[in-house]
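Me: I would like to learn how to read a protein model, feature by feature. Can we start with how helices pack?

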Amino acid sequence: MSDFSAVLPIYNRKQPSFAKGEGAYLYTDNGDKYLDFLSGIAVNALGHCHPHLVNTLTEQGSKLWHTSNVFAIDNATKLAERLCEATFADSVFFCNSGTEAIEAAVKITRRYFDYIGQPDKHKIITFDGAFHGRSTAAIAATGTAKALEGFEPRLQGFDKVKVENGIAAVEGAIDDKTAAILVEPIQGEGGIRPMPDGFLSDLRALCDKHGLLLILDEIQCGISRTGKFLAHEYCNVIPDICTIAKGIGGGFPLGATLVTAQVGECMTLGTHGTTFGGNPLATAVGNAVLDIVLADGFDSKVKQTGNLLKQRLEGLQQKYPSIIDEIRGCGLMLGIKIKDSYTNIDLINKLFDRKLIVNAAGSNVVRILPPLVIDESHINEACDIIDEALEEL
Ligand SMILES: *Cc1c(COP(=O)(O)O)cnc(C)c1O
């Protein structure tokens with residue numbers, strides 16, 4: 001056997017490999033306990049092994065896993081209807097990941113303009129700091145040198161604009177081939193970077209003026225992460241397409257592309273597909289996640305908990321003004337922006353040594369994505385650890 005890693009070494013993986021999870025905690029085999037303020041990157045939205053998800057998974061797991069999209073799938077139909085009921089959407093495509101949801105959004109965009117007799121319109125405007133996934137289309141949409149290096153020629157049709165250059169720069173980038181604008185309401189990988197106030201409604205207005213589709217990527221900021229089921233509800237903007245994944249499966253691989261009826265009409269029989277997407281097992285779990293996050297009071301609790309955590313972090317910013325530049329984000333999607341004379345990684349490693357799990361995002365940010373079900377005791381525990389680590393830094 002060669003000494004090459006049995007799993008492709010595309011990640012710099014930390015030890016330990018965890019053996020068990022419960023609520024906001026992860027455990028190793030030898031009983032070490034970590035407070036998880038990353039939630040598998042916004043995936044374990046209800047924490048680890050939430051009883052309702054475990055019950056749903058085991059019950060469905062002993063009944064039926066997969067039949068294929070050759071057959072009607074009641075769990076998927078129910079999940080789609082509930083997503084439509086809870087959002088702007090009229091129709092849903094299920095898949096298994098964020099990348100696949102983005103891939104579908106790109107295909108639906110191209111197909112839509114072909115369908116309405118404007119086949120030249122295919123270009124999508126995206127933004128600096130964006131992350132949309134790892135497929136050929138998604139890295140072209142992400143558009144960074146790092147994502148594209150070694151993978152040229154890239155998929156054509158993505159134009160990049162800097163958010164800081166404002167809405168005029170976006171309008172300046174529109175030409176007669178532009179089909180859509182794709183944006184994360186709060187950039188995740190880019191460093192927990194909310195779009196400026198009014199930006200999304202300005203984008204909506206531009207889309208209306210120029211006949212473009214507005215695609216919101218809520219793969220990280222969606223599913224009640226910000227204290228609204230979808231983050232764009234904060235600004236009363238209605239997208240044409242919205243991608244979700246991460247939290248909707250609570251740890252089971254599940255993604256979805258939500259569309260309006262107007263846009264969805266172009267996706268006729270056979271125009272797109274998936275073997276696994278929306279299978280009975282995945283959509284049973286998706287429904288179980290919705291049972292909890294759509295319940296009365298859940299979002300307001302997330303908002304409250306998020307405000308408390310943000311306040312506590314802002315307190316630490318005041319205590320360590322030479323290290324912390326800014327606390328940003330919304331709900332339980334928060335970032336500590338570190339000043340240039342320090343690095344986020346150093347702080348993250350110190351936190352990990354003290355058994356608090358967070359991770360790095362772009363522009364020197366410590367990314368904090370706790371399970372949505374944490375309470376004040378978890379916040380106190382985490383903030384005490386962050387305080388100690390900052391002290392040592
Ligand atoms: C994670 C993420 C993706 C990609 O999702 P995968 O499930 O990793 O393919 C796309 N967009 C955003 C905003 C993300 O956070």
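Reply: Asn 75, Ala 76, Lys 78, Leu 79, Arg 82 and Leu 83 in helix 3 meet Pro 280, Thr 283, Ala 284, Gly 286, Asn 287, Leu 290 and Asp 291 in helix 10. Contact means heavy atoms within 4.5 Å. Helices (H or I, at least four residues) and strands (E, at least two) are DSSP runs, numbered from the N terminus. Two ground rules apply. This is a predicted model, where local features need pLDDT of at least 70, side-chain atom pairs count only at pLDDT 80 or more, and totals for chains, interfaces and linings use all residues. Residues are numbered from 1 along each chain as its sequence is written, and side-chain values use heavy atoms, with hydrogens and water left out.

Me: At what angle do helix 3 and helix 10 pack, and how far apart are their axes?

Reply: Two packed helices are described by the angle between their axes and the distance between the axes. Axes are lines fitted to C-alpha atoms, for helices over the stretch in contact, and angles run from 0 to 180 degrees between N-to-C directions. Here helix 3 (residues 74-86) and helix 10 pack at about 35 degrees, with axes 8 Å apart. The crossing of helix 3 past helix 10 is left-handed. Left-handed means that the near helix is turned anticlockwise from the far one by less than a right angle; right-handed means clockwise.

Me: Is Asn 287 buried or exposed?

Reply: Buried means under 20% relative accessible area, exposed over 50%, partly exposed in between (1.4 Å probe, protein chains only). Asn 287 counts as buried because its relative accessibility is 5%. Asn 287 sits in helix 10 (residues 280-293). Residues up to four places away in sequence aside, Asn 287 touches Asn 75, Lys 78, Leu 79 and Arg 82.

Me: How do helix 12 and helix 13 pack?

Reply: Helix 12 (residues 344-353) and helix 13 (residues 376-392) pack at about 125 degrees, with axes 9 Å apart. That makes helix 12 oblique to helix 13. The classes are these: under 35 degrees is roughly parallel, over 145 roughly antiparallel, 65 to 115 roughly perpendicular, and the rest oblique. Helix 12 passes helix 13 in a right-handed crossing. Leu 347, Lys 350 and Leu 351 in helix 12 meet Ile 385, Ile 386, Ala 389, Leu 390 and Glu 392 in helix 13.

Me: Now the sheets. In what order do the seven strands of the open sheet run?

Reply: Start from pairing: two strands pair if DSSP finds at least two bridges between them. The order is 4-12-11-10-7-5-6, with mixed pairing. Strand 4 (91-95) and strand 6 are the edge strands, each pairing on one side only. Neighbouring strands of this sheet are turned by 20 degrees against each other on average, direction ignored. Strand 10 (residues 213-217) and strand 11 (residues 241-244) run parallel, joined by three bridges. There, Ile 215 stands opposite Ile 241.

Me: Which strands pair with strand 5?

Reply: Strand 7 (residues 178-183) pairs with strand 5 in the parallel sense over three bridges. Lys 123 stands opposite Thr 178 in strand 7. Strand 6 (residues 158-161) also pairs with strand 5 in the parallel sense, over four bridges. Thr 126 stands opposite Lys 160 in strand 6.

Me: Which way do the side chains of strand 5 point?

Reply: In a regular strand the side chains alternate between the two faces of the sheet. Lys 123, Ile 125 and Phe 127 point one way from strand 5, and Ile 124 and Thr 126 the other way. Five of the five residues of strand 5 are buried, so strand 5 is largely enclosed by the rest of the structure.

Me: Where does Asp 128 lie?

Reply: Asp 128 is in the loop between strand 5 (123-127) and helix 5 (136-142). Asp 128 counts as buried because its relative accessibility is 19%. Its side chain reaches the backbone nitrogen of Val 163 at 2.7 Å. That is a polar contact: a pair of N or O atoms within 3.5 Å; within protein, one must be able to donate a hydrogen and the other to accept it, and residues adjacent in sequence count only if both atoms are side-chain atoms.

Me: What is the strand order in the sheet of four strands?

Reply: The order is 1-2-3-15, in an open sheet with mixed pairing. Strand 1 (20-22) and strand 15 (356-357) each have a single partner strand, so one side of each is left without a neighbour in the sheet.
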